[in-house]
Amino acid sequence: MFVKSCNCNSSIATRVGFAIIFCLNSMLAWLMRTDLMVKKLEEWTHGYLSMDCEEGKCYGVLAVHRICFALALLHTILSLLLIGVKDTKTPRAAIQNGWWGPKVLLWIVLVAASFFIPNGFFIFWGNYVSLIGATLFIILGLILLVDFAHSWSETCLENWENSPEGSNGWQWILIGSTAALYAAAITLTGIMYGFFASHGCTLNQFFISFNLALCLVITGLAVHPAIQEANPRSGLAQSGMVAAYCTYLIVSAVGNNTSGGEQCNPIHNRKPGGVDTTQRSTVILGAIFTFLAIAYSTSRAATQSRALVGKKKRTGHIALPSSDGDSAFETSSTRGHHNLVTTQPGPKKDTPRYQALLAAVEAGAIPASALDEEDDLLSDDEAAVIGDENDDERSGTKYNYSWFHVIFIMGAMYVAELLTDWHVVRTTMTDGPEPEQDVYIGRSAVAMWMRVISSWVCIVLYSWSLVAPVLMPDRFGDL
């Protein structure tokens with residue numbers, strides 16, 4: 001496995017593979033936040049894997065940054081190696097889609113080697129480099145969310161307009177999804193008012209009420225006549241998606257707010273003496289869901305490079321000359337409609353030689369085994385053409401390979417900041433005297449404010465996408 005290239009020739013399989021590595025790395029970093037995992041490793045191996053934890057270098061904040069740094073370094077190496085790869089015909093494309101054994105081995109080696117780097121490096125890394133990368137990751141994620149909201153609505157409208165007469169499937173999908181998103185936003189807002197906005201919880205009340213006001217504002221903007229005139233495809237579908245996501249961020253923020261006591265956050269109520277099995281299971285399931293969600297969003301962001309860098313997808317189609325003598329190298333983007341060659345040449349069965357042999361066999365001049373011998377004479381190049389039918393990137397990559405790994409670098413930095421609560425480290429749910437063995441994610445004032453600010457930034461970005469065509473019609477005249 002570790003010495004053989006396993007090229008799956010599928011962009012989807014490649015993305016899933018990197019997402020799995022990302023998820024495993026995140027879970028390992030989460031487990032290493034406490035010395036409990038270190039002690040368990042020593043116990044399970046009967047002392048064989050006794051780790052030197054002087055100054056806490058193999059668990060805690062620095063261990064999280066070490067493990068996430070190893071993943072970021074892996075993707076940095078891959079990003080540099082894949083600069084300029086445009087299709088799978090380039091030999092370096094095998095680094096992206098194959099050689100999974102060596103890549104996994106390199107990841108393991110980098111994780112192990114990170115524990116030999118002095119602590120001072122990771123203090124600088126966590127305070128500056130990782131913080132900047134995580135912030136950029138959040139901003140890119142919000143931009144892609146707004147872009148997806150518009151794309152989803154436009155896709156539904158196009159399919160609705162192009163559907164056969166009497167078919168209302170896409171109409172109901174659009175209406176149903178919009179209603180469901182607004183229902184989710186309203187329900188979450190009601191839950192927050194009921195459980196997190198009691199008397200004295202001023203900060204929570206401000207977050208909830210301000211988010212509700214902002215959602216009403218973007219809903220009004222989406223259906224405003226001036227906005228509709230500049231962009232007729234704007235509507236409640238996009239605003240509903242943004243409202244639901246921003247409301248979710250506020251729910252996450254107030255749900256992880258440790259100030260105000262039990263009356264402002266009933267989730268943090270626990271009995272003295274530890275955590276029961278249900279609570280511990282909730283922590284574990286919540287961590288797994290968090291890492292899966294981040295892995296998915298990272299993969300999606302990495303493959304949406306054209307929405308961020310403005311590059312058009314290569315089609316790889318070859319235009320045949322038309323009857324009026326047009327150039328054979330024109331593409332559909334420069335001409336009208338052409339007959340395009342989109343398939344590879346067929347095997348030797350279509351060649352004159354094979355047809356002559358077939359006629360000779362039918363005439364009884366030669367035995368039928370001659371046809372089988374001819375099939376065995378297929379050249380290596382022809383066999384490769386036939387075998388590459390499952391390769392969906394022969395004519396051009398579906399995403400920028402190098403940019404793909406840059407996004408994963410920022411994603412690894414985001415996980416490191418998330419697990420360390422953006423420099424606020426806690427192994428207890430509150431500041432009480434009872435120690436806690438479970439490690440919670442995102443329960444600090446800094447993490448709370450990051451969610452709140454992310455919600456506000458998302459609404460600002462979406463509002464600008466609505467207002468910009470009105471203020472600058474010359475730049476958005478093709479909407």
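**Exercise 1. The surroundings of R233**

Leaving aside the neighbours of R233 within four places in sequence, determine which residues R233 is in contact with.

*Solution.* With those neighbours set aside, R233 is in contact with S153, E154, L157, E158, E161 and Q238, where contact means that heavy atoms lie within 4.5 Å. The structure is a predicted model, in which local features need pLDDT of at least 70 and side-chain atom pairs count only at pLDDT 80 or more, while totals for chains, interfaces and linings use all residues. Residues are numbered from 1 along each chain as its sequence is written, and side-chain values use heavy atoms, with hydrogens and water left out.

Helices (H or I, at least four residues) and strands (E, at least two) are DSSP runs, numbered from the N terminus. R233 has 27% relative accessibility and therefore counts as partly exposed, since buried means under 20% relative accessible area, exposed means over 50%, and partly exposed lies in between (1.4 Å probe, protein chains only). Finally, R233 and A222 are eleven residues apart in sequence, and their C-alpha atoms are 9.6 Å apart in space.

**Exercise 2. The chain as a whole**

State how many helices and strands the protein chain has, and what percentage of its residues is buried.

*Solution.* Counting the elements gives 17 helices and two strands. Of the 479 residues in the protein chain, 40% are buried. Turning to contacts between residues at least 6 apart in sequence, one finds that 75% of them join residues at least 24 apart.

**Exercise 3. Two helix pairs**

For α8 with α17, and then for α6 with α7, find the angle between the axes and decide how the helices are oriented.

*Solution.* Start with helix α8 (residues 202-222) and helix α17 (residues 445-471), whose axes come within 10 Å and cross at roughly 15 degrees. Axes here are lines fitted to C-alpha atoms, for helices over the stretch in contact, and angles run from 0 to 180 degrees between N-to-C directions. Angles under 35 degrees count as roughly parallel, over 145 as roughly antiparallel, 65 to 115 as roughly perpendicular and the rest as oblique; α8 and α17 are therefore roughly parallel to each other. On the α8 side the meeting residues include F206, F210, N211 and I218, and on the α17 side they include W449, S455, W456 and Y462. The residues of this contact divide into 15 nonpolar, three polar and no charged, where Ala, Val, Leu, Ile, Met, Phe, Trp, Tyr, Cys and Pro count as nonpolar, Asp, Glu, Lys and Arg as charged, and the others, Gly among them, as polar.

Now take α6 and helix α7 (residues 169-195), which pack at an angle of about 155 degrees with their axes 8 Å apart. That angle makes α6 roughly antiparallel to α7. Where the two helices touch, W152, C156, L157, N159 and W160 in α6 meet W170, Q171, I173, L174 and S177 in α7. The residues of this contact divide into seven nonpolar, three polar and no charged.

**Exercise 4. Nonpolar cores**

How many residues does the largest nonpolar core have, and which of them have the most contacts inside it?

*Solution.* The largest nonpolar core has 69 residues, and those with the most contacts inside it are F22, L71, W107, V242, Y414, C458 and Y462. Helix α16 (residues 401-419) gives the largest share of this core, 13 residues. A nonpolar core is a set of buried Ala, Val, Leu, Ile, Met, Phe, Trp, Tyr and Cys residues joined through side-chain atoms within 4.5 Å. Beyond its neighbours within four places in sequence, V242 is in contact with A149, I218, C458, I459 and Y462. A second, separate core of ten residues includes A197, I250, M448 and V452.
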